[in-house]
Amino acid sequence: MRVATFPTADKEKLFIPCTKATISRKQSFVKAQAANMSTSDGATGSKQARLVSNHNSKDLNGTTSGGDAVNARDKVALITGITGQDGSYLAEFLLKKNYEVHGIIRRASTFNTTRIEHLYADPKAHKGGRMKLHYGDMTDSSSLVKIINMVKPTEIYNLAAQSHVKVSFDLSEYTAEVDAVGTLRILDAIRTCGMEKSVKFYQASTSELYGKVVETPQNEQTPFYPRSPYACAKMYGFWIVINYREAYDMFACNGILFNHESPRRGENFVTRKITRSVAKILLNQMEYFELGNLDSKRDWGHASDYVEAMWMMLQRDAPADFVIATGETHSVREFVEAAFKHIGREITWRGKGVEEVGVERNTDIVRVRINPKYFRPTEVDLLQGDASKAKRELNWTPKVSFLELVSDMMNADIELMKKNPIA
């Protein structure tokens, strides 16, 4: 199968304001490319493109499925960021509801599908089942157009992002390209494919938009005050979704999700850093670990609860934006204490500022130290969500408590470190 490419001039047209004539020309171009993709000999494509194509075109029984099989499905979901924490839980959730699930993954020299490999019919061979993966990138509009045109999804969940707040200060331009302009690219790709009236679109927004909060708790009407390049990029994504919804009558909505964690959280996020480190301390693999601001307070929930809310938003008759949160707030310090309590140990705090340490009671061993390199240039001190609208209109409420979340993460990391101490 030959992978269609877009000439530079046509690629640039994706960002030109569309008149009816422009949209018609774009749709004709896409149809022509799709025809080429379905009739060309794959011998000229790259080896990797052929492997992905072959891998993605087989169903649970290993038989080849064409476009008609996709159209026969009532529900076809396309997930950007499927290999991340939220993407993996969402893929699981949708597969249980008998969706055909397609995911976009970035090309890498090693497999980056650890969180979703159990969803394959044959995990050892990384193939089979109702989950199909496609190479693409949020910085490449042509790849988004080709995938959307081929898959013809009924629902699109845009979860792809550079989502680490501290890292966004170091990679501010890249964060804007993926989180801000990437959202625009996928919205425009939907219109380029002529699917703005048939696709329901979910945008993963964030509580970091509230930043230097002007009121507590925060709800859908609370003004934004972003305090990081990540939050600023997500703010553009938030408003471009609303703009396309109002300008083109698209079913597009924002989920303003407060912090949500799980055993699948990235290792460099503070909650996962805590549970991994405490697990290593339990197993005598580590003496202490370092953190930044212990007094930052967040509204922490479990990712598995939050992906259900994403789905609920797209089952409505009309699009709307929703805050998703537990309504409780806990500090980083409290998270550390809960993690140690899970292994039967107690932490007491001594000192002030950067000299403060967390000491294990009874042994007097220092287990937590402060390192200024983990401080953000501009800090967000308190986030607490008000999900009353979601409860009222979606009938959504969180199921996993804060302590249950900590226990789930601790149990998983203890088992992980037993199997692989250098994980």
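In the predicted model, both faces of strand S2 are covered, with Glu-100, His-102 and Ile-104 buried on one side and Val-101, Gly-103 and Ile-105 buried on the other. Such a division into two sets follows from the general rule that in a regular strand the side chains alternate between the two faces of the sheet. Because six of the six residues of S2 (residues 100-105) are buried, the strand is largely enclosed by the rest of the structure. Strand S1 (residues 76-80) runs parallel to S2 and is joined to it by five bridges; within this pairing, Leu-78 stands opposite His-102 of S2.

Among contacts in the chain with a separation of 6 or more, 76% are accounted for by residues 24 or more positions apart. The chain exposes about 19,400 Å², of which carbon and sulfur atoms supply 50%.

Confidence in the prediction is described by a mean pLDDT of 86 for the protein chain, with 83% of the residues reaching 70 or more. Over residues 1-23, however, the pLDDT is below 50, although this stretch has 41 contacts in the model beyond near neighbours in sequence. Residues 29-72 likewise stay under 50 in pLDDT, and for them the model has 53 contacts beyond four places in sequence. Where pLDDT is low, the predicted coordinates should not be read in detail.

Salt bridges in the structure number 21. Side chains of opposite charge can pair when their charged atoms come close. In one of these bridges, Arg-245 is joined to Asp-321, with the closest N and O atoms 2.9 Å apart. Arg-245 lies in helix H9 (residues 229-248), whereas Asp-321 lies in the loop between helix H11 (303-313) and strand S11 (322-324), so the pair ties together parts that are 76 residues apart in sequence. Both partners fall under the 20% limit for burial, since the relative accessible area is 15% for Arg-245 and 11% for Asp-321.

A further salt bridge is formed between Glu-356 and Arg-333, whose closest N and O atoms are 2.6 Å apart. This pair links distant parts of the chain, with Glu-356 in the loop between strand S13 (347-350) and strand S14 (357-360) and Arg-333 in helix H12 (residues 332-342), 23 residues away. Glu-356 counts as buried at 11% relative accessibility, and Arg-333 counts as buried at 15%.

The side chains of Glu-379 and Arg-376 also meet in a salt bridge, at 3.9 Å from N to O. Here Glu-379 is buried, with a relative accessible area of 18%, while Arg-376 counts as partly exposed at 22% relative accessibility. These two residues belong to a network of salt bridges that also links Glu-208 and Arg-298.

Among the cysteines of the chain, Cys-193 is buried, with a relative accessible area of 13%, whereas Cys-232 is partly exposed, with a relative accessible area of 43%.

How values were computed: Residues are numbered from 1 along each chain as its sequence is written. This is a predicted model: local features need pLDDT of at least 70, side-chain atom pairs count only at pLDDT 80 or more; totals for chains, interfaces and linings use all residues. Side-chain values use heavy atoms; hydrogens and water are left out. Contact means heavy atoms within 4.5 Å. Accessible areas come from the Shrake-Rupley method with a 1.4 Å probe; for residues, only the protein chains shown count as cover. pLDDT is the predictor's confidence in each residue, from 0 to 100. Buried means under 20% relative accessible area, exposed over 50%, partly exposed in between (1.4 Å probe, protein chains only). A salt bridge is a side-chain nitrogen of Lys or Arg within 4 Å of a carboxyl oxygen of Asp or Glu. Helices (H or I, at least four residues) and strands (E, at least two) are DSSP runs, numbered from the N terminus. Two strands pair if DSSP finds at least two bridges between them.
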